[in-house]
Amino acid sequence: MRLTLALAACTTALLLLLGLPLAYALASWRGRLKPLAEAVVSLPLVLPPTVIGFYLLVAFSDSSALGRFLIEKLGVSLNFTFPGILLGSLVYSLPFMVQPLQAGFGQVPRSLREAAYTLGKSRLTTLWRVLLPNIRPALLNGMVLTFAHTLGEFGVVLMIGGSLPGRTRVASIAIYDEVQSLHYAQANAYAFTLLGVAFVILVALYWFTRRNAARLS
Amino acid sequence: MLRFLFALLLLSSCLPARAGGLAPAGPAPITIAAAADLKYVLDSLVTIFNRQHPQGKVTVVYGSSGKFYEQLSHDAPFDIFFSADSDYPQRLQQMGRTAGAPVPYALGRLVLWSKKLNPSAKGLNTLLDPQVKRVAIANPAHAPYGRKAEEVLRHYKLYDQVKPKLVLGENIGQTAQYAVTGAADVGLLAYSLALSPELRRAGQFYLIPTTAHTPLQQSYVVLKRASGNATASTFATFMASPVARQALKKYGFGL
């Protein structure tokens with residue numbers, strides 16, 4: 001369970017760092033190729049996780065050029081390691097972070113940003129003091145959904161994880177293994193924990209959203 | 001509040017995962033990839049081994065031989081591979097991924113297992129019972145037991161009749177799960193699993209004669225990454241010991 005939480009927390013933290021600039025760029029971009037970029041970001045929503053896992057498995061393998069480069073030049077082996085399943089999760093959960101953030105940025109009136117610039121605030125200060133506080137619900141939404149979605153990840157880890165205890169065997173894989181070993185009690189313990197955690201997270205999110213909405217109105 | 005949240009997330013996230021990466025002193029722990037038919041016998045043997053050798057701990061991951069072969073050809077970090085056949089270990093050796101030649105350790109047997117019917121009376125003819133709507137076998141594409149199950153069905157000229165009723169398990173463990181839960185009415189399972197306490201309690205079986213299929217010779221192989229690893233070679237020696245041989249026999253393996 002600790003491994004699962006670490007994976008979900010790491011994914012959320014990294015996707016926040018990657019997702020903020022990406023969502024901001026997407027929200028303010030008016031180019032003709034925008035649908036293309038949006039489609040790429042949203043692909044993991046519709047792709048079976050095993051497809052993502054399969055391509056990553058092949059890409060990281062020492063029989064591919066990229067994999068050989070990573071292993072020989074950088075000494076990084078990604079298949080069947082924690083960094084590997086983390087990278088897989090970043091791809092897998094990307095839309096869950098970017099979509100709420102993009103929607104959030106899109107709802108902030110342009111005039112607010114422009115007012116900050118006219119008052120001599122830098123872009124970074126504007127982002128930090130004006131934009132982020134204004135999209136707080138979206139931020140929370142993105143983080144919570146990313147965290148919860150990664151908790152339940154199965155297909156990607158199944159393909160590139162290898163079910164190594166303490167290294168890549170996350171809760172969903174452990175459930176699968178326990179069921180196959182006919183250990184229904186253990187499987188139930190894992191499953192029930194996941195169910196509980198996911199439910200608590202969502203209740204907290206909706207409770208916070210309601211409180212926030214009440215405060216605004 | 002936001003800044004506090006970010007800081008907390010960043011701090012809590014990436015640290016705990018790395019703590020496990022430090023290599024402990026003394027004999028290295030090893031991870032074994034094993035065919036699912038070995039689940040019960042290997043679990044008990046590893047318990048004995050770990051008690052005798054508290055320094056180099058052995059962990060086992062179970063699955064289908066074909067899946068492990070696939071993972072090992074993508075450099076999966078397993079030290080020993082116990083396959084349910086000899087073909088996959090040989091192919092790994094040819095690819096230059098092993099530390100030595102495959103070592104045969106047992107012969108696998110199959111049973112016809114059912115929760116609600118009693119196959120011991122009618123043998124393979126149980127499959128013709130109108131109550132039988134679904135028949136579980138392991139996926140012949142990557143599970144040696146699945147390939148043998150197909151051979152058995154062809155041997156008794158039942159394959160064409162049974163084919164529409166087949167459900168395929170990812171490995172023999174999942175196939176057993178289909179049969180035990182009643183999702184499938186009968187299953188062609190590993191004898192070693194049929195002898196486990198879990199399955200013994202749940203149903204009845206018919207032991208399929210060895211004449212109905214070509215021998216299911218099972219081999220293990222030590223992977224390249226474990227060459228020079230003391231725990232791996234000690235475990236290999238342990239598998240040839242009388243204790244291990246007896247346990248294999250007890251769980252229905254031919255030697």
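Among contacts in chain A (contact means heavy atoms within 4.5 Å) between residues at least 6 apart in sequence, 70% join residues at least 24 apart. This is a predicted model, in which local features need pLDDT of at least 70, side-chain atom pairs count only at pLDDT 80 or more, and totals for chains, interfaces and linings use all residues. Residues are numbered from 1 along each chain as its sequence is written, chains are lettered from A and ligands numbered from 1 in the order in which they are written, and side-chain values use heavy atoms, with hydrogens and water left out.

**Chain A**

The secondary structure of chain A consists of 11 helices and zero strands. Helices (H or I, at least four residues) and strands (E, at least two) are DSSP runs, numbered from the N terminus. Along the sequence the pattern reads α-α-α-α-α-α-α-α-α-α-α. The C-alpha trace of chain A spans about 65 × 45 × 25 Å along its principal axes.

Chain A has 217 residues, and 47% of them are buried. Buried means under 20% relative accessible area, exposed means over 50%, and partly exposed lies in between (1.4 Å probe, protein chains only). The accessible surface of chain A comes to about 11,100 Å², and carbon and sulfur atoms account for 69% of that surface. Accessible areas come from the Shrake-Rupley method with a 1.4 Å probe; for residues, only the protein chains shown count as cover.

**Where chain B meets chain A**

On the chain B side, 34 residues are in contact with 36 residues of chain A. The area buried between the two chains is about 3,000 Å², with 67% of it given by carbon and sulfur atoms. Buried area is the accessible area (1.4 Å probe) that two parts lose on being put together, summed over both.

Between chain B and chain A there are zero salt bridges. A salt bridge is a side-chain nitrogen of Lys or Arg within 4 Å of a carboxyl oxygen of Asp or Glu. Three residue pairs are in polar contact between chain B and chain A, both residues being at pLDDT 80 or more. A polar contact is a pair of N or O atoms within 3.5 Å; within protein, one must be able to donate a hydrogen and the other to accept it, and residues adjacent in sequence count only if both atoms are side-chain atoms.

The elements of chain B that give two or more residues to this side include helix H1 (2-19), helix H2 (39-52) and strand S2 (58-63). H1(B) provides the largest share, 10 residues. By type, the residues on the chain B side divide into 17 nonpolar, 11 polar and six charged. Here Ala, Val, Leu, Ile, Met, Phe, Trp, Tyr, Cys and Pro count as nonpolar, Asp, Glu, Lys and Arg as charged, and the others, Gly among them, as polar.

Over all chains the count is 11 salt bridges.

| Pair | Closest N to O distance |
|---|---|
| Lys39(B) and Asp43(B) | 2.9 Å |
| Glu150(B) and Arg154(B) | 3.5 Å |

Lys39(B) and Asp43(B) both belong to helix H2 of chain B and are four residues apart, about one turn of the helix. Lys39(B) is buried at 11% relative accessible area, while Asp43(B) is partly exposed at 29%.

Lys148(B) and Glu151(B) are separated by about one helical turn because they stand three residues apart in helix H6 (residues 144-155) of chain B. Lys148(B) counts as buried, with 10% relative accessibility, and Glu151(B) as partly exposed, with 28%. Glu150(B) and Arg154(B) are four residues apart in helix H6 of chain B, so about one helical turn separates them. Arg154(B) is partly exposed, with a relative accessible area of 45%.

Val111(B) lies in strand S5 (residues 110-114) of chain B. Its relative accessible area is 0%, so Val111(B) counts as buried. Leaving aside neighbours within four places in sequence, Val111(B) is in contact with residues including Gly187(B), Tyr191(B), Phe205(B) and Ile208(B).

Ser114(B) is also placed in strand S5 of chain B, and Ser114(B) is buried with a relative accessible area of 0%. The side chain of Ser114(B) reaches the backbone nitrogen of Lys116(B) at 3.3 Å and the backbone oxygen of Asp185(B) at 2.9 Å. Not counting residues up to four places away in sequence, Ser114(B) touches Pro119(B), Asp185(B), Val186(B), Gly203(B) and Gln204(B).
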